[in-house]
Amino acid sequence: MDKKSSTRKGPEFCSLRYGLALIMHFSNFTMITQRVSLSIAIIAMVNSTQQHGLPNTSTEGPLADTLNNPSRSMKEFNTGEASVYEWSPETQGIIFSSISYGIIVTLIPSGYLAGIFGAKQMLGAGLLISSLLTLFTPLAADFGVILVIAIRTIQGMAQGMAWTGQFTIWAKWAPPLERSKLTSIAGSGAAFGSFIILCVGGLISQALGWPFIFYIFGGIGCVCCLLWFTVIYDDPVHHPCISVREKEYIVSSLAQQSSSPRRSVPIKAMVRCLPLWAIFTGFFSHFWLCTIIITYLPTYISSVLHVNIRDSGVLSSLPFIAASSCTILGGQLADFLLSRNLLRLITVRKLFSSLGLLLPSLCAVALPFVASSYVTTIILLILIPGTSNLCDSGFIINTLDVAPRYASFLMGISRGFGLIAGIISSTATGFLISQDSVSGWRNVFFLSAAVNMFGMLFYITFGQVEIQDWAKEKTLTRL
């Protein structure tokens with residue numbers, strides 16, 4: 001059965017596991033739109049008295065200019081009876097960062113608990129809580145900024161539960177030769193969601209008012225929850241609708257992997273494991289540049305290319321559709337190379353990791369030197385997140401190779417490293433560009449390239465794909 005299953009012609013794209021990947025794609029789409037909704041809505045939410053360079057805002061410095069100029073351009077948007085608020089740029093920064101702190105708090109414990117109690121409940125509950133909090137965000141804003149910060153923090157905790165629970169599911173549903181395809185289909189939902197929210201968020205605010213951004217995407221999340229709890233099961237063995245052929249194929253392909261839940265984690269062995277540190281370093285490097293692009297891309301386009309806010313929003317969305325496409329294509333290519341025995345698994349992981357860290361670094365380093373060319377700058381900005389997402393077929397799913405039993409727990413730690421990198425890179429970027437715009441952006445991109453190169457070299461040196469001794473069944477009594 002193993003031999004027959006592993007050598008058959010291609011995957012069944014109408015199979016249940018691919019349906020699961022599509023539902024998870026929709027879930028990731030929903031979560032990222034809920035996360036980015038405030039970034040779009042806040043332009044219309046801030047008090048209009050802060051949009052005309054009043055004395056109390058003109059002294060805020062470059063950050064205030066960055067935030068206030070888009071608001072000034074958005075003044076013509078019709079927000080109906082929606083409220084506006086006197087939130088300073090510093091307050092807005094706290095609101096934006098609060099969701100990241102919430103995610104960090106729950107990444108590790110939620111990954112561990114998902115392995116014990118089941119990822120279906122953990123991920124579904126996280127998605128439901130995030131959706132409900134999104135619906136209540138406009139009401140919370142009327143009660144004060146403290147409640148908004150609290151809601152965003154709890155929402156981050158809920159999304160942290162949902163992000164990490166996915167890998168516990170794939171440890172039981174994804175055959176080794178299809179892992180890249182399935183996880184890339186699911187993961188591309190985040191990039192596609194970023195593209196959609198940037199494209200339609202401003203239009204929704206203009207046509208209906210900014211609260212409807214939260215109502216619409218919060219409602220979509222609730223619908224997604226119904227699909228999730230109805231269709232998704234933790235493993236194929238207990239799914240009532242799966243075909244016998246598909247169930248036997250998945251079970252036989254995973255027969256050599258131990259995936260039973262555990263209540264103890266070999267922390268000491270993990271700390272001493274260099275292949276794990278290679279994965280963590282890869283995440284740190286990857287998120288460093290990605291966070292800069294997500295956070296500062298509209299600012300860069302506006303300040304360097306001198307584009308108005310509406311065109312800037314459309315241009316800012318283009319890199320994310322490229323990222324979504326590259327994620328899926330990269331997964332297809334990785335599994336093609338494996339299924340045809342063209343490359344070994346370790347070679348595929350290191351190749352895609354290297355491409356995902358090297359190519360965006362080259363594009364970033366080139367940006368300051370082509371700033372005078374509008375077309376070239378846009379092309380490079382599109383290529384950065386697109387090529388960066390090739391990492392999805394590299395170290396990002398490497399925990400499924402080295403420790404499938406602990407994949408969700410380790411994914412939580414990995415994303416924690418990534419979020420820490422994002423917080424540091426965002427702070428460093430703001431400091432550097434506040435000193436001098438031209439040299440500041442150059443230093444930002446050079447520093448990002450250096451971080452990426454370090455992560456690439458570390459992963460190439462220490463990355464592995466063999467299941468580690470501490471992740472095997474014989475370590476059952478080990479601490």
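In the predicted model, L132 is found in helix α6. This residue is partly exposed, with a relative accessible area of 36%, and it belongs to a nonpolar patch on the surface that also includes L128, F136, L139, F143, L147 and F229. Together the residues of the patch present about 660 Å² of accessible area. Helix α6, spanning residues 119-143, contributes the largest share of the patch, namely 5 residues.

A search of the whole structure identifies 4 salt bridges. In one of them, the side chains of R17 and E178 meet at an N to O distance of 2.7 Å. R17 lies in helix α2 (residues 16-45) and E178 in the loop between α7 (145-173) and α8 (179-207), so the pair ties together parts that are 161 residues apart in sequence. Both R17 and E178 are buried. R17 also meets the side chain of E246 in a salt bridge, with an N to O distance of 3.0 Å. Because E246 lies in helix α10 (residues 244-253) and R17 in helix α2, this second pair ties together parts that are 229 residues apart in sequence. The relative accessible area of E246 is 4%, which places this residue in the buried class, and R17 likewise counts as buried, at 0% relative accessibility.

The analysis of cavities gives a count of 3 with a volume of 30 Å³ or more. The second largest cavity has a volume of about 40 Å³. Its lining consists of I292, I293, Y296, L297, Y300, L381, W441 and F445. Two helices, α12 (274-305) and α18 (437-462), each supply at least two residues of this lining, and α12 gives the most, with 5 residues.

With regard to cysteine pairing, the structure holds 0 disulfides. The sulfur of C290 is 7.5 Å from the closest cysteine sulfur, that of C391, and this separation is too far for a bond, given that a disulfide requires sulfur atoms within 2.5 Å. C391 accordingly takes part in no disulfide, the nearest cysteine sulfur being that of C290. Both cysteines fall in the buried class: C290 has a relative accessible area of 16%, and C391 has one of 0%.

How values were computed:
Residues numbered from 1 in each chain as written. Predicted model: local features only at pLDDT ≥ 70, side-chain atom pairs only at ≥ 80, totals over all residues. Heavy atoms only, no water. Patch = residues over 30% accessible without salt bridge, like charges linked within 9 Å, V, L, I, M, F, W, Y side chains within 5 Å. Areas by Shrake-Rupley, 256 points an atom, 1.4 Å probe, with all protein chains shown as cover. Helix = DSSP H or I, 4+ residues; strand = E, 2+ residues; numbered from the N terminus. Buried < 20%, exposed > 50% of the residue type's maximum accessible area, 1.4 Å probe, protein only. 1 Å grid on protein atoms, 1.4 Å probe; cavity = no way out; pocket = protein on both sides within 12 Å on 5 of 7 lines; lining within 4 Å. Points joined across faces, edges and corners; volume = space filled by probe spheres on them.
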